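Hi everyone, thanks for coming. Let's get the picture up on the screen and then walk through a few spots together.

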Amino acid sequence: MNRSIKKVAVLGSGIMGSRIACHFANIGVEVLLLDMVPRELNAAENAKGLSTDHPMVRNRIVTESFQNTLKGSPAPLYNAKFASRVRLGNFDDNLKEIKDYDWIIEVIVERLDIKKSLFEKVDALRKPGTLVSSNTSGIPIHLMAEGRSDDFRAHFCGTHFFNPPRYLRLLEIIPTPQTDPAVVDYLLNYGDLYLGKTTVLCKDTPGFIANRLGIYAMVQTIRMAEEMGLTVEEVDKLTSTVVGRPKSGTFRLSDVVGLDTSVHVSNNLYASGEGIDESRGAFILPASMQTLYDNKWLGDKTGQGFYKKTKVNGKTVILALDLKTMEYKPSQKVRFATLESTKAIDSLKKRFGVLLAGSDKAAEFYRKSFADSFRYATFRIPEISDELYRIDQAICAGFGWEMGMFETWDAIGVQKMIGIMEKLDLKPAPWVYDMTGAGHSSFYKVENGKKLYYDATSKAYKAIPGQESFIILENLSDNVVWKNPGATVYDLGDGIVNLEFHSKMNTFGAEVVEGVQRGIAIAEKDFRGLVIGNDSSEAFSAGANLAMLFMFAVEQEFDEVNLMIAQFQQTMMRARYSAIPVVGAPHTLALGGGCEINLHCDKIVAHSETYMGLVELGVGLIPAGGGTKEMALRCSDMYQNGDPELNILQAAFMNIAQAKVSTSAHEALAMNYLRPTDQIVLNRSRLIAEAKQAAVEMAENGYTQPKQRSDIKVQGKTGIALFEAGLASMRMSNYISDHDAKIAQKLAYVISGGDLSYPQNVTESYLLDLEREAFLSLCGEKKTLERMQGLLTGGKPPRN
């Protein structure tokens with residue numbers, strides 16, 4: 001069947017239902033969001049004299065739920081305008097409309113009887129062939145399909161999104177024995193290609209994959225904290241970014257998600273685990289979890305959980321729960337010798353060995369918790385998955401881990417970890433011993449650029465399926481063309497090379513600047529296109545490395561600063577005016593210089609979660625890597641669209657002056673950092689492959705080297721006067737400081753093209769000179785140096 005998804009009906013408008021609806025709206029799908037009709041009027045409706053038949057009353061539940069979701073943080077939509085793609089209704093009046101929809105997703109209360117009742121109605125109304133799925137997190141999928149028509153069952157399965165669905169990449173696909181395999185394949189592909197998900201095929205087992213392992217790890221971590229006498233703050237530090245997991249750690253994450261959610265899943269896993277899970281008892285709640293649940297201290301939603309915010313002398317103070325006394329006390333800083341020993345180790349893979357080797361309580365915690373979770377994961381094969389890579393994919397995409405359990409085990413050393421596990425009487429499953437006994441020393445390995453996994457059934461390595469759609473740079477060690485300590489050029493095949501940064505936060509320093517220059521030169525000589533992209537989970541690039549700039553500025557070595565900025569500008573212009581197409585592939589943070597390099601690429605292929613901005617004003621400077629010039633150029637190109645020219649210029653000025661960062665690639669498009677000809681990719685894993693394809697297409701379509709622009713219309717004194725008036729008003733109102741006003745005046749001068757008597761055309765070189773002059777004049781400012789120092793020492797820049 002040639003299937004396409006144009007219209008999706010979401011049944012249930014709670015937190016998950018509304019957020020799922022928003023994510024489908026993000027990708028341009030028309031959405032119908034339905035919920036129940038209220039049984040009675042509320043006080044406001046009574047006061048207005050409304051009846052229960054009034055449309056506002058009948059749609060009250062769905063309207064309030066959806067509006068609350070739109071107000072939530074983080075934002076569920078890429079662009080607030082996308083809310084218009086969601087139409088609201090109720091089950092009584094609008095359920096019949098599902099006959100015109102391509103996919104019906106149930107997201108109502110977790111009760112089998114209520115779900116089955118709704119599916120009976122859906123079965124009667126849907127047209128044959130329509131996809132139907134449930135977002136349940138734990139009810140067996142096959143039970144929900146009982147009693148339904150053959151066509152319903154053939155097109156029905158579980159589609160378990162993780163919250164928030166815009167940001168967490170996991171989509172578990174759980175078929176029943178009656179689900180048509182073609183439907184399963186379609187949903188796996190659709191989730192990957194159109195929803196940007198890591199789609200993982202799961203068995204219809206309790207908790208599926210991610211929750212089964214993730215909740216086990218969470219509950220056991222809390223139990224271990226109680227047993228070892230570790231504090232809430234200590235465990236959160238140990239289970240956060242140092243091991244490649246979200247900075248919230250274990251307890252803070254519980255507060256954010258809601259303890260009731262974790263308790264509900266844990267209780268279900270205990271109830272359903274009899275006879276199939278040798279560690280079923282682990283899902284019995286630890287004492288602290290049970291006490292918090294009984295007290296209804298559920299986290300952020302109730303105002304207190306493992307943490308609690310309070311006011312002391314007008315200041316917000318964070319209190320942490322004492323797991324022994326169950327009383328709150330001021331949160332304490334965490335220090336462990338083991339953690340101190342890893343501060344200089346940037347590589348996550350290299351960090352694990354040090355973390356487990358220590359002699360303090362932190363290292364003991366790591367040995368015990370890793371051994372326990374690894375043991376549990378090995379015994380879940382083949383119960384919840386036949387393939388170990390699915391377990392790693394699910395835990396990473398569902399809980400935001402950088403490395404899965406078996407990947408982490410490999411980083412530690414398989415045999416070394418087995419020794420630790422055996423000492424703790426936590427032996428892994430027999431198939432692990434079969435693997436090592438056959439002489440295999442890792443769960444994964446890379447051959448010919450492809451990642452293989454050890455298959456416990458066949459006792460052989462197999463390629464992870466679907467890799468042909470992805471390019472993973474760490475698998476291309478045999479394809480390195482050139483490298484220095486800050487950058488690497490890889491041959492991607494088909495005449496395209498990729499430039500990867502690997503400085504801290506991928507910031508621009510001398511080595512990365514050299515990498516850009518060398519990457520372009522190599523591509524011009526021996527290839528036909530260049531992609532600038534990386535696989536970092538932290539940032540595409542957080543901008544310029546301020547340390548060298550700060551040193552020169554403090555020493556008043558302004559000739560050196562001038563040389564540094566001139567070289568940076570030349571590097572950006574080299575990207576713009578090379579003989580081959582240059583494609584930027586930004587994701588996560590693309591700030592300052594990270595934004596500027598993309599502005600100078602021939603095309604941008606951005607991940608949907610790209611947070612892009614020219615943020616230099618935050619440290620008392622203006623964009624001087626061609627960023628201010630480029631926005632003046634882009635404004636000039638927009639003047640022909642008919643909008644008032646000064647309005648267009650003011651929008652660009654305000655984005656830079658406020659150091660505004662886009663909250664998505666779609667917002668970057670609205671801010672003119674992306675252009676309509678650029679491309680937005682939903683699945684981060686596809687980003688470099690898509691960027692490579694864009695470079696191939698440009699090369700094959702006869703790319704020609706462009707010429708520098710001399711037709712950039714600037715506003716001169718007219719633009720400066722507009723901004724000066726606004727800045728004077730803001731200063732009089734104490735909205736900005738004198739120093740803020742001075743920086744903004746410099747920005748206004750450059751983006752307006754300088755002190756020209758009337759609007760006229762100028763060259764790029766002219767604007768670059770203005771940029772550099774303004775930048776140099778600000779480098780010597782005391783307030784600017786204070787702000788740079790604040791950032792370099794880990795603090796926030798002072799606003800003065």
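So, to start: are Glu630 and Arg634 buried or exposed? Both of them are buried, and by buried I mean under 20% relative accessible area, with exposed being over 50% and partly exposed in between (1.4 Å probe, protein chains only).

Quick housekeeping. This is a predicted model, where local features need pLDDT of at least 70, side-chain atom pairs count only at pLDDT 80 or more, and totals for chains, interfaces and linings use all residues. Residues are numbered from 1 along each chain as its sequence is written, and side-chain values use heavy atoms, with hydrogens and water left out.

Okay, back to our pair. Glu630 and Arg634 make a salt bridge, with their closest N and O atoms 3.1 Å apart; that term means a side-chain nitrogen of Lys or Arg within 4 Å of a carboxyl oxygen of Asp or Glu. The two sit in helix H26 (residues 627–638), four residues apart, or about one turn of the helix. Helices here are DSSP runs (H or I, at least four residues), strands are too (E, at least two), and both are numbered from the N terminus.

How many salt bridges does the structure hold? There are 50. One of them joins the side chains of Glu97 and Arg87, at 2.4 Å from N to O. That pair links distant parts of the chain: Arg87 is in strand S3 (residues 86–90), while Glu97 is in the loop between helix H5 (91–94) and strand S4 (103–106), 10 residues apart. Arg87 is partly exposed, at 37% relative accessible area.

Another one pairs Lys343 with Glu340, at 3.3 Å from N to O. Here Lys343 is exposed, at 61%, and Glu340 is partly exposed, at 40%. There's also a network of salt bridges linking Arg212, Asp277, Glu278, Arg375, Arg380 and Glu383.

Now, cysteines. Searching the whole structure turns up zero disulfides (pairs of cysteine sulfur atoms within 2.5 Å). Take Cys601: the nearest cysteine sulfur belongs to Cys595 and is 11 Å away. Cys601 counts as buried, at 7% relative accessibility.
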